[in-house]
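These are my notebook entries on a structure I examined residue by residue. I began with a loop position and then turned to the annotated sites.

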Amino acid sequence: DTYDFGLVGLGVMGRNFILNVADNGFSAFGNDLDEEKVDALIKEGGNTDKVNASSDVKTFVQSLTTPRKIMLLVPAGKIVDSVIEGLLPHLDKGDIIIDGGNSFYTDTDRREAYLKEKGINFFGAGVSGGAEGARKGPSIMPGGSKEAYQHVKPIFEAVSAKYKGEPCVAYLGPKSAGNYVKMVHNGIEYGLMQLTSEIYDILKKAGGLTNGELHKTFSNWNEGRLQSFLVEITSEIFEQKDDLTDGYLVDMILDKAKQKGTGKWTSQNAMDLGIPVPTIDIAVSMREISALKDERIKADELYDRPSPKAVDKNDFTSKTEQALYFAFIITYAQGMHQLADASKEYGYELKLGEIAKIWRAGCIIRAAMLADITEAYQTDENLQNLLLSPSFVEKVKSTVNAARELVSYGAANGIPLPGLSNALTYFDAYTSSRLPLNLIQAQRDYFGSHTYERLDREGIFHTEWEK
Ligand code: 6PG
């Protein structure tokens, strides 16, 4: 019982996470049913005093110092429950189980309550950054018991990514706060990815940019205010040659996007909360539309589409940069808004500034912009929406017109820009002090006596409409 940290699930993420823990001076013990994975880890660890593993659950649990800190990196769903059941007979009160997967937040609440009865602390801790993040420093989003977190904190702070020396991990709140925050992180991820793909589309179809030019354009952007992991990898994707043909790989990849559910959950839950996140919603819908490839091919034959009007390449490229920056802001604004509301609804006590802070490095949505978002929420903890932050007004004002131009270009020339146009529409609606929904209230009262309120006096009104 000498190992500091335990980890169940020795897939790529788990193995990398353990090696990262060991690199940071903590000893770690792994567990997986698969003997091959156990052996591979022991071999890779190089020194069994620092990294060891076993396929036997009892040996695994007994190898850990108490209170035991056991992280699960297994697929979300029933597997998490069965791993917990397997561990339980061997655990002692006060031990800590950390679920590092993309578990649905209500599952985490259920598990936390169930384990609390048995004296076990349960953490839902989103881990972002993919395989490389797990190895070199992910962003970690833990939620659960604040006292129990103190035991995990030194290890998490050591292994997490660092932004200017500050660890990209923080205790986020009770219960499923960590999983919830990771879910919204992924919703934002969906939005940013959708927007990036639209900008690629319009640069290619209207601007006529080659893959080489797209590579250069995205690399340049990555040196500026759009600096972000997603823009960076996008620039690299355009350079990748295909092994099987003599073209570029990106051109050979089937245009059907898969999804594992976190983006959809974000949208579904936003609907339940009554918080609009249309850029995330449309990102989910676009993955669904992309899956309808056969139907799309049939429909394409039935309808004409205008051929894109020529544009000035340089001017157009600069507009796309502005529009993408604008729409990135809107996407973060929607996600943060959802977090603010969920925090009230579910009692998460989230600090939005802390969340933006731990997203500045390590995670998939890391971006230079997150430093500004962090500041905005640190200046005003109760900021209702990023668009209301004085520090964002200028950034938005100076880029929104480029979004308008591109959206009208897309509409006139038959290039779908659903993320960008939704971001713009959200902006135009959110910044309108008067919307036409007075008419909807009138209609509701007309056909169903649903009543309405008035601008000029208090109370609930109903009218016998003249029919
Ligand atoms: C991360 C990612 C990760 C997620 C993938 C795939 O933060 O490291 O969000 O957790 O699983 O991005 O998600 P989809 O398969 O739904 O696209």
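**Entry 1: Gly11**

I located Gly11 in the loop that lies between strand 1 (5–8) and helix 1 (12–23). The model I am reading is predicted.

**Entry 2: confidence**

I noted an average pLDDT of 97 for the chain, with 100% of the residues scoring at least 70. For the complex, the predictor reports an ipTM of 0.97 and a pTM of 0.97.

**Entry 3: annotated positions**

I consulted the UniProt record, an unreviewed entry, which lists Lys182 and Glu189 under "active site".

I placed Lys182 in helix 8, which covers residues 177–205. Lys182 has 29 C-beta neighbours inside 10 Å and therefore counts as buried. Which residues does Lys182 touch, not counting those up to four places away in sequence? I recorded Asn102, Gly126, Ser128 and Met141.

I found Glu189 in helix 8. Glu189 counts as buried because 23 C-beta neighbours lie inside 10 Å. Setting aside neighbours within four places in sequence, I recorded contacts of Glu189 with Ile364 and Ile365.

How values were computed. Residues numbered from 1 in each chain as written. Predicted model: local features only at pLDDT ≥ 70, side-chain atom pairs only at ≥ 80, totals over all residues. pLDDT = per-residue confidence, 0-100. Helix = DSSP H or I, 4+ residues; strand = E, 2+ residues; numbered from the N terminus. UniProt positions renumbered as here; feature names shortened; annotations may be inferred. Buried ≥ 20, exposed ≤ 12 C-beta atoms within 10 Å, placed from the backbone. Contact = placed C-beta atoms within 7 Å.
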